[in-house]
Amino acid sequence: MAKAKSAYVCNECGADYSKWMGQCTACNAWNSLSEVRLSAAKGSARGARYEGYAGGAVQNRVQSLADVNVAETPRFSSGTQELDRVLGGGLVPGSAILIGGEPGAGKSTLLLQTMCHLASVMPALYITGEESLQQVALRARRLGLPVDKLQMLSETSVEQICTIAEQHTPKVMVIDSIQVMHMADVQSAPGSVSQVRESAAYLTCFAKQTNTVLFLVGHVTKDGTLAGPKVLEHMIDCSLQLEGSGDSRFRTLRSHKNRFGAVNELGVFAMMENGLKEVKNPSAIFLSRTEESSPGSVVMVVWEGTRPILVEIQALVDQSHMNNPRRVAVGLEQNRLAMLLAVLHRHGGLMTGDQDVFVNVVGGVKVLETGADLALLLAVVSSFRDMPLAQDLMVFGEVGLSGEIRPVPNGQERIREAAKHGFRRAIVPKGNVPKEAIPGMEVVAVSRLSDALDAV
Ligand code: TYD
Ligand code: MG
């Protein structure tokens, strides 16, 4: 028997090496290499490949880019609007989609719902390696899903799965989850980097050759190391992340990589007693405010992918009893908060050096864009002075280090969205003032932080 070879793969970026090293030279991560036992039988450096269909090699002819028939890849809807949106407009046959998220995020629920509905229009196969068939069936019944068309399989051997799938020729297939799948040729435990990598490569190859849409479920551990989907990212076409804080019922689906559409699209779901429900109008839920206005609360419009969403930013500024006053940002960037407080001191004349500052985005949303700067600062000022801002006021804008207010993309659409939800006054950067007045909306243009402070 030939000696089994091994390689070393970086858990962070997926680069492989023939020798172990302390630091990955590709991504500079420390101590991230783990050993991968390659199969001796196949002898190829990248392990076994799905070789069921001989057609693959013949089609591999050189041709001009213009001659490639693009009409051959029509998209079809997944039946869930929010999922379609994140995928860039629907499912592409032959694509591999990774859905990552912490255990309990709702990945299985989302896919089970989607598959039950898809099964009524096309052959669909759901492979469960984690839960028993009874568990899945009970859940589907409880959620009131149409259960008669979906094909189920409880299996963890990748070779077996592909053999069975060849007979059933599904158009959509779910692997729940990639961490429990294993291949006979790979000599390590399921869930190890080598098993996950080889299994995913084999399944992706199968999907490409049979034109099947493949959903892979991948768990992200808190530290993101062992079998983290990072090692998979270069093989798959789309990588989606289902996120949600444990205590909030809202889940956001975000795409981190998409070969067929834009990234940073956001889909919003709510986890209810009867499954995951789409949230068609996220502004309405993130903005459920009490009647009277309270100090430290400001509404802003964030731009997520292709749409505006209204969110409320809250701040609490309080006398600190510590030597190092605390700066805590939930849903916003910590470093940005520290920077903005310095700008506020220098250009707004407001000293928060001896105060604890907490800021929070209501509803568990993460705001990563700089358009939140002005809203954050006004919330801090409002809390510091204990003066509530008007209920019908909306704010957005980036704040620069010299106290200038910079415009942000899609200003006009943001103002329109706010007007639609009953806001009557907007404080916006000068560059974002719409050319035509928006009915019912008073737009206040500001170019310096001090202007904005005067305006409120
Ligand atoms: P699940 O889809 O099993 O998560 P994952 O596959 O990502 O690990 O979802 C599990 C969580 O969702 C569980 O903690 C309970 C909750 N849940 C509901 O609140 N309502 C429901 O209808 C369902 C099916 C699950
Ligand atoms: Mg699950």
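Here is a chat about a predicted model of one protein chain.

Q: Hi! How many helices and strands does the secondary structure of the chain come to?
A: Hello! In this predicted model, the chain has eleven helices and 21 strands.

Q: And what share of the residues is buried?
A: Of the 456 residues in the chain, 49% are buried. As for contacts between residues at least 6 apart in sequence, 66% of them join residues at least 24 apart.

Q: Okay, sheets next. What is the strand order in the open sheet of nine strands?
A: The order is E6-E5-E7-E8-E4-E9-E10-E11-E12, and the pairing is mixed. E6 and strand E12 (275-278) are the edge strands, each pairing on one side only. From one strand to the next, the twist averages 25 degrees.

Q: Let's zoom in on E5. Is it enclosed or open, and why?
A: Strand E5 covers residues 124-128, and five of the five are buried, so E5 is largely enclosed by the rest of the structure.

Q: Which residues are on which side?
A: Ala 124, Tyr 126 and Thr 128 are on one side, with Leu 125 and Ile 127 on the other. In E5 both faces are covered.

Q: Which strands does E5 pair with?
A: E5 pairs with strand E7 (residues 172-176) in the parallel sense, over five bridges. Strand E6 (residues 151-154) also runs parallel to E5, joined by four bridges.

Q: Where does Tyr 126 come into that?
A: Tyr 126 has Val 174 as its bridge partner in E7, and Tyr 126 stands opposite Met 152 in E6.

Q: What about helix H4, what unit does it make with E5 and E6?
A: Together E5, H4 (residues 133-142) and E6 make a right-handed β-α-β unit. H4 lies across E5 and E6, and runs at about 145 degrees to E6.

Q: Changing topic: which residues touch the most other members in the largest nonpolar core?
A: That core has 61 residues, and Val 311, Leu 332, Val 359, Leu 374, Val 380 and Met 394 touch the most other members. Helix H9 (residues 373-385) gives the most to this core, with eight residues. Domain 2 (74-280) and domain 3 (285-455) both contribute residues, so the core lies between them.

Q: What does Val 380 touch?
A: Leaving out residues up to four places away in sequence, Val 380 touches Ala 315, Val 317, Leu 341, Leu 344, Val 357 and Val 359. There is also a second, separate core of 34 residues, which includes Ala 140, Val 174, Leu 240 and Leu 242.

Q: And E13, why is it said to be largely enclosed?
A: Eight of the eight residues of strand E13 (residues 297-304) are buried, so E13 is largely enclosed by the rest of the structure. One side has Ser 297, Val 299, Val 301 and Trp 303, while the other has Val 298, Met 300, Val 302 and Glu 304.

Q: How is E13 joined to E14?
A: Through eight bridges, with E13 and strand E14 (residues 307-319) running antiparallel. Ser 297, for one, has Gln 314 as its bridge partner in E14. The hairpin of E13 and E14 has two residues between the strands, and Gly 305 takes a positive phi near 65 degrees there.

Q: Which residues other than glycine have a positive phi?
A: Among them are Asn 28, at about 65 degrees, and Asp 386, near 60 degrees. Asn 28 sits in the loop between strand E2 (16-17) and strand E3 (33-37), and Asp 386 is in the loop between H9 and strand E17 (393-395).

Q: Last one: is Asp 386 buried or exposed?
A: Asp 386 is exposed, with a relative accessible area of 55%. For contrast, Ala 201 in helix H6 (residues 193-210) is buried, at 11%.

Conventions: Residues are numbered from 1 along each chain as its sequence is written. Chains are lettered from A and ligands numbered from 1 in the order in which they are written. This is a predicted model: local features need pLDDT of at least 70, side-chain atom pairs count only at pLDDT 80 or more; totals for chains, interfaces and linings use all residues. Side-chain values use heavy atoms; hydrogens and water are left out. Buried means under 20% relative accessible area, exposed over 50%, partly exposed in between (1.4 Å probe, protein chains only). Two strands pair if DSSP finds at least two bridges between them. A crossover is right-handed if, with the strands pointing away from the viewer, the path from the first strand over the helix to the second runs clockwise. A nonpolar core is a set of buried Ala, Val, Leu, Ile, Met, Phe, Trp, Tyr and Cys residues joined through side-chain atoms within 4.5 Å. Domain bounds come from an automatic or database domain assignment. Contact means heavy atoms within 4.5 Å. Axes are lines fitted to C-alpha atoms, for helices over the stretch in contact, and angles run from 0 to 180 degrees between N-to-C directions.
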